[in-house]
Amino acid sequence: MRSMTMAPRNWKNSAWGAVVGSGRRESPIAARVTIAADGRHSTIAFGLGLARHPARPRRWAIGAYFANFLPGSVGRLTVGEMHVRRGYYIGVAPVPDSLTNVCLVKPSFAGDVALGDPAAALKSALAVDPLLRDRAAGARLIGSPIVLGPLAVDVRDAAIDGLLLAGDAAGFIDPMTGDGLRFATCGGELAAGAALTALARGWSGVHAGLMAERRRAFGGKWRFNRAIRALVASPRAVNVAAVGARMAPSVVHAVVARAGDCSAAAP
Ligand SMILES: Cc1cc2nc3c(=O)[nH]c(=O)nc-3n(C[C@H](O)[C@H](O)[C@H](O)COP(=O)(O)OP(=O)(O)OC[C@H]3O[C@@H](n4cnc5c(N)ncnc54)[C@H](O)[C@@H]3O)c2cc1C
């Protein structure tokens, strides 16, 4: 998909499909409704000026697969782990074929040398980590790490008739609470419902209705995610949380359960 085609209808912009192409060939596809579900770097949302990377937070992710990454104290490596450190965090998740996905999410800035050598940045973060260094000592990096960022994407209310946004194209949430896929699938269902309404009754109120549905479905978790993100960004808050976790582990279990949308988290 190359771009979104806009046509003026009265004094307002409307979308009437998309232009798709590969190589030099392009063809317009006309549609009464287009749902942009083309991810965090949405060609449509950025192309139409609906999305932007906010000045803050500026976080980047470095992710890679490892073989021989040892399981932690929980036992077999079957659960996802989130290791929150001062100013950054490291996610560790088992994946098929006995591999482990490791993802470092850290603040970054123009000219950050860590992003120039992501493998070294990942390995050195693991090497200094008191809980991960022994487990990672004999681990072997499989392939090259992937670097993504800036992670945050803000999307303003996109009230363009003919166009709906879904998934990361409708706004990206920090991966820390692992909600992206649920938001993408549920947000896709909500957008599909809005599309049916628009086809049946026209566009009046459709975008406001979809936004209200999204707030109802995701608002609580958006606020929770923002609070956790703010905590991770503050070294002082991380220190306080670490002390609190030792004194009242049940609070940490409750936070983990909330992050995972579970009724209870394993201690
Ligand atoms: C580091 C990191 C860790 C994450 N961890 C988790 C996690 O543990 N749990 C979780 O639930 N979520 C996680 N997420 C978030 C999750 O990956 C996303 O929220 C989810 O994939 C969004 O789905 P989507 O369909 O909106 O976008 P995507 O999965 O990005 O899919 C978009 C699709 O559109 C296609 N596309 C893009 N542009 C074009 C174009 N111009 N033409 C044609 N096709 C196009 C792409 O090829 C892709 O197939 C993580 C994200 C990151 C960055």
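Which residues of α6 are buried? In this predicted model, the buried residues of α6 are Val 206, His 207, Leu 210, Arg 214, Phe 218, Gly 219, Lys 221, Phe 224, Asn 225, Ile 228 and Val 232. The helix, which covers residues 206-233, carries a kink of about 60 degrees centred on Phe 218, and Phe 218 is itself one of the buried residues of α6. Another of these buried residues, Ile 228, belongs to a second, separate core of 13 residues that also includes Ala 45, Phe 172 and Met 176.

The largest nonpolar core has 17 residues, among which Phe 66, Phe 69, Ile 90, Val 102, Leu 122 and Leu 126 touch the most other members. Two or more residues are given to this core by each of β6 (59-67), β8 (88-95), β9 (99-107), α2 (113-116) and α3 (118-127), and the largest share, four residues, comes from α3. Leaving aside residues up to four places away in sequence, Phe 66 touches Val 102, Leu 122 and Leu 126, and its other partners include Ser 98, Ala 139 and Ile 142.

The following values describe the protein chain as a whole.

| Property | Value |
|---|---|
| Mean pLDDT | 87 |
| Residues with pLDDT of at least 70 | 91% |
| Buried residues | 37% of 267 residues |
| C-alpha span along principal axes | about 65 × 45 × 35 Å |
| Accessible surface | about 15000 Å² |

The chain has eight helices and twelve strands, and of its contacts between residues at least 6 apart in sequence, 65% join residues at least 24 apart. Over residues 5-11 the pLDDT stays under 50, and for this stretch the model has 19 contacts beyond four places in sequence.

Terms used: Residues are numbered from 1 along each chain as its sequence is written. This is a predicted model: local features need pLDDT of at least 70, side-chain atom pairs count only at pLDDT 80 or more; totals for chains, interfaces and linings use all residues. Side-chain values use heavy atoms; hydrogens and water are left out. A nonpolar core is a set of buried Ala, Val, Leu, Ile, Met, Phe, Trp, Tyr and Cys residues joined through side-chain atoms within 4.5 Å. Buried means under 20% relative accessible area, exposed over 50%, partly exposed in between (1.4 Å probe, protein chains only). Contact means heavy atoms within 4.5 Å. The bend at a residue is the angle between axes fitted to the seven residues ending there and the seven starting there. pLDDT is the predictor's confidence in each residue, from 0 to 100. Accessible areas come from the Shrake-Rupley method with a 1.4 Å probe; for residues, only the protein chains shown count as cover.
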